[in-house]
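Student: I am new to this structure and would like to go through it step by step. Could we start with one of the sheets?

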Amino acid sequence: MSGLDRAHAALQTIPADLPREDWVRVGMAAQAAGLEFKDFDDWSAAAGSYDARAARDTWRSFRPDKGIGPGTLYRLAVEHGWKADAPQAPAYPRSTRTEPREPKPRPGMAPADVWARCTPATNTHGYIEKKRAAGVPLDGLRAVPAGDVLRIAGQAVAGFLAVPAYSGGALQSIQFIPPEGKKLNLPRASMAGASFTVGEPEAGAPLYLVEGIGQAWAVWQATGRAAVVCFGWGNVGTIARQLRQKDGAGRLVLVPDAGKEAQAERIAQELGIATVSMPKGSPANFDAWDLKERDGPDALAALLGQAQGPRPLLVPVSVADVLTHPSPPPRFVWDGYAPRGVVTSLGAHGGVGKSTVALMLAVAVATGRPLFGVATERCNVLFASFEDSGDVVRHRLGFICRQWEIDPAALCALSIVDGTANPELFTAERRDAGDVTASYIELRKLARGAGLVVVDNASDAYGADEIQRRQVRAFIRTLTDIAKENAAAVLLLAHVDKNTSKQRKAEGGEGYSGSTAWNNSVRSRLFMTRDESGTLTLEHQKSNFGPMREPLALEWPQNELPQVLESLSPVVQGISDKNDTRALLKLIHEFSERGEWVSSGTTGTANAAHLLGKEPSYPRRKPAETFTLLRNAERSGYVQRTEHRTKQRRFREVWQLTPEGENFAGIPSAPIAPIARQLVTSATGAEGARGAPLYCAGGMGERARASSGAGSGAQGVAAHPGAALVTGALLEAVP
């Protein structure tokens with residue numbers, strides 16, 4: 001047996017109904033073993049969840065440097081009963097052509113050969129009895145006779161029900177169904193584009209499209225109408241397109257399992273056909289047969305009779321009655337911050353404390369207590385942690401209960417789920433539209449009845465490209481669906497990337513990273529920062545349902561929870577401002593004395609907040625507050641802006657204390673050195689003429705200008721255009 005035949009035999013031993021991660025690994029191993037896409041696609045088609053497009057895109061995404069080789073394929077095959085040394089049926093030779101080719105079935109394995117060996121099915125077959133389908137049309141169905149040698153994935157299929165899969169009127173493949181267990185598809189006979197019809201389609205009557213034959217039987221029993229078996233949801237769209245092309249006026253009705261309504265709606269929109277949904281509240285994958293068994297055939301018939309065409313993409317909005325029948329105002333779970341029916345995001349750099357604050361909000365809402373002085377609306381809460389384990393969340397919850405003196409037994413309105421093992425709610429390959437996962441379907445079910453749903457956090461729950469706007473918007477829409485279904489507020493926690501963090505873009509408006517859709521698709525956006533002093537600031541950076549709330553200043557004391565930083569009374573605040581201004585002036589004086597000049601600007605490394613911030617005596621202020629104190633000090637005449645020439649002979653503006661500032665800060669005055677007056681001989685011989693400007697030598701080689709005149713007390717030397725200045729002559733020292 002050649003290596004390719006051996007690889008193909010191993011692949012066929014592995015069941016295709018695997019979790020996605022394992023399915024991908026098998027595909028990568030098959031590619032490493034030299035198999036082609038057709039081999040992988042045919043094998044994948046045996047799965048009930050087969051999606052031809054997903055199989056093709058996934059195959060194209062495989063790279064040879066991912067550390068998965070042919071050995072993985074053989075190891076997995078052995079785990080499923082494959083014996084490497086057992087004789088295998090000869091496999092088809094590998095083609096050297098690059099274009100797609102139809103695989104050659106092994107002798108006796110062609111659909112027609114297998115079908116010819118099967119016998120007509122009867123109502124006594126185990127699967128028909130299990131589905132309580134006695135009386136359904138059995139024309140066209142057969143059973144594999146006892147003793148038949150056919151084996152699929154190492155399993156004998158003798159006695160299985162055989163359902164033919166036709167494409168263009170020709171037998172393309174066969175599905176084998178045991179009385180109990182998984183369905184199996186004929187190897188090397190793709191199900192893509194193939195179907196089987198239960199009953200006879202009638203002109204003008206609805207034709208229902210379902211996944212499996214059990215559902216088709218249920219539809220026929222309830223309505224007497226024909227139903228098309230598509231052999232898996234991934235094939236439904238293909239079959240619907242074929243039927244629509246064949247009969248543009250046919251009344252096609254999609255009957256999706258619960259949880260697949262959105263996908264069915266997209267197909268219905270594309271083709272202009274009808275769809276029907278399982279009753280609200282149905283569990284995931286609940287289908288037409290389940291409904292018939294639970295509520296009876298009449299209930300299923302009534303549901304199918306409610307089939308509607310695709311909803312309009314652009315829904316008209318009533319205008320004339322906006323005053324007589326006004327829409328209700330927005331409701332908030334956390335007043336002003338978290339509106340119901342939409343998604344709110346809470347962003348922060350890693351480690352700031354957003355998970356703790358989100359859990360505090362969950363507890364506050366579950367108990368109806370305000371958070372940070374802001375009212376909440378009491379309701380059921382679902383906290384879904386996809387980043388931290390359940391133990392970590394429980395530890396935080398215990399601390400909150402102790403700090404707030406809450407009996408955990410009183411938290412009956414709070415539900416917490418640990419999703420760290422299966423965190424992704426939404427995935428996408430490359431640039432495709434993406435889709436929800438089983439974890440999302442379960443989350444959507446758990447969220448029923450909740451008024452607040454917390455998703456912690458986006459980096460774990462979102463399994464696509466954060467810069468792809470289409471995918472980001474689709475992800476937010478899936479969360480919005482949960483919000484709308486329950487009139488709930490969905491709070492999505494999110495990290496900000498390293499570049500945004502380093503460049504401090506988030507403060508004041510850009511509290512998100514990636515595509516702008518992270519901002520545009522949510523209706524309210526919060527961002528939390530922590531400054532050098534440890535003070536937290538919760539900013540409201542976006543609000544579509546009302547004015548943005550003022551930023552909240554929070555402190556997080558040791559061994560306590562974050563709490564509002566208490567505001568000072570005007571009198572106390574004034575005293576605090578004076579004391580902090582004195583501390584700043586002393587630091588500026590100290591730095592200037594040793595030649596470290598403090599820039600009057602608010603950016604760069606020499607500004608007051610940055611240069612002085614690490615000093616022990618620096619006041620516990622945010623940078624913006626520091627700059628405000630200095631501007632107020634400037635207005636009071638305590639500091640002034642002067643030009644300083646750097647070693648690079650560049651001028652920059654710096655802060656310099658005035659004598660009034662030194663006095664205000666309590667800085668001792670230095671002894672005043674005698675200042676030499678220059679001798680000026682004026683044309684009139686007058687000294688100290690009224691109003692004449694005085695220029696005297698400055699300590700830095702600069703000219704200090706003063707005005708002299710009667711009553712000024714200044715002792716100056718008159719400067720006259722005709723005067724002769726005698727430099728270097730010292731006539732008098734001014735004490």
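Tutor: Strands are DSSP runs of E with at least two residues, helices are runs of H or I with at least four, and both are numbered from the N terminus. The model is predicted, so local features need pLDDT of at least 70, side-chain atom pairs count only at pLDDT 80 or more, and totals for chains, interfaces and linings use all residues. Residues are numbered from 1 along each chain as its sequence is written, and side-chain values use heavy atoms, with hydrogens and water left out.

Student: What is the strand order in the open sheet of nine strands?

Tutor: Strand E17 (414–418) and strand E26 (563–564) each have a single partner strand, so one side of each has no neighbour in the sheet. Pairing in this sheet is mixed, and the order is E17-E16-E20-E22-E15-E23-E24-E25-E26.

Student: How many bridges pair strand E23 with strand E24?

Tutor: Phe527 stands opposite Glu539 in E24. Strand E23 (residues 524–530) and strand E24 (residues 536–543) pair in the antiparallel sense, and the number of bridges is seven.

Student: Why does Ser282 count as buried?

Tutor: Ser282 lies in the loop between strand E12 (274–275) and helix H11 (288–295). Leaving aside neighbours within four places in sequence, Ser282 is in contact (heavy atoms within 4.5 Å) with Ala258 and Arg448. Buried means under 20% relative accessible area, with a 1.4 Å probe and protein chains only. Ser282 counts as buried because its relative accessibility is 6%.

Student: Which helices do the buried residues of H5 pack against?

Tutor: In helix H5 (residues 70–79), the buried residues are Thr72, Leu73, Tyr74, Leu76 and Ala77. They pack against helix H1 (3–13) and helix H2 (20–32).

Student: Which residues touch the most other members of the largest nonpolar core?

Tutor: A nonpolar core is a set of buried Ala, Val, Leu, Ile, Met, Phe, Trp, Tyr and Cys residues joined through side-chain atoms within 4.5 Å. Not counting residues up to four places away in sequence, Val255 touches residues including Tyr208, Val276 and Leu304. Of the 66 residues in the largest core, those that touch the most other members are Leu73, Ile213, Trp217 and Val255.

Student: Which helix gives the most to the lining of the second largest cavity?

Tutor: A cavity is a set of points on a 1 Å grid over the protein atoms alone where a 1.4 Å probe fits but cannot get out, and lining residues have an atom within 4 Å of a point. The lining consists of Trp334, Leu346, Val357, Ala358, Leu361, Leu491 and Leu526. With three residues, the helix that gives the most is H13 (residues 354–367).

Student: How many residues does the protein have, and what percentage of them count as buried?

Tutor: The protein has 23 helices and 32 strands. Of its 735 residues, the buried percentage is 44%.

Technical notes:
Buried means under 20% relative accessible area, exposed over 50%, partly exposed in between (1.4 Å probe, protein chains only). On a 1 Å grid over the protein atoms alone, a cavity is a set of points where a 1.4 Å probe fits but cannot get out, and a pocket is an open set with protein on both sides within 12 Å along at least five of seven lines; lining residues have an atom within 4 Å of a point. Two strands pair if DSSP finds at least two bridges between them.
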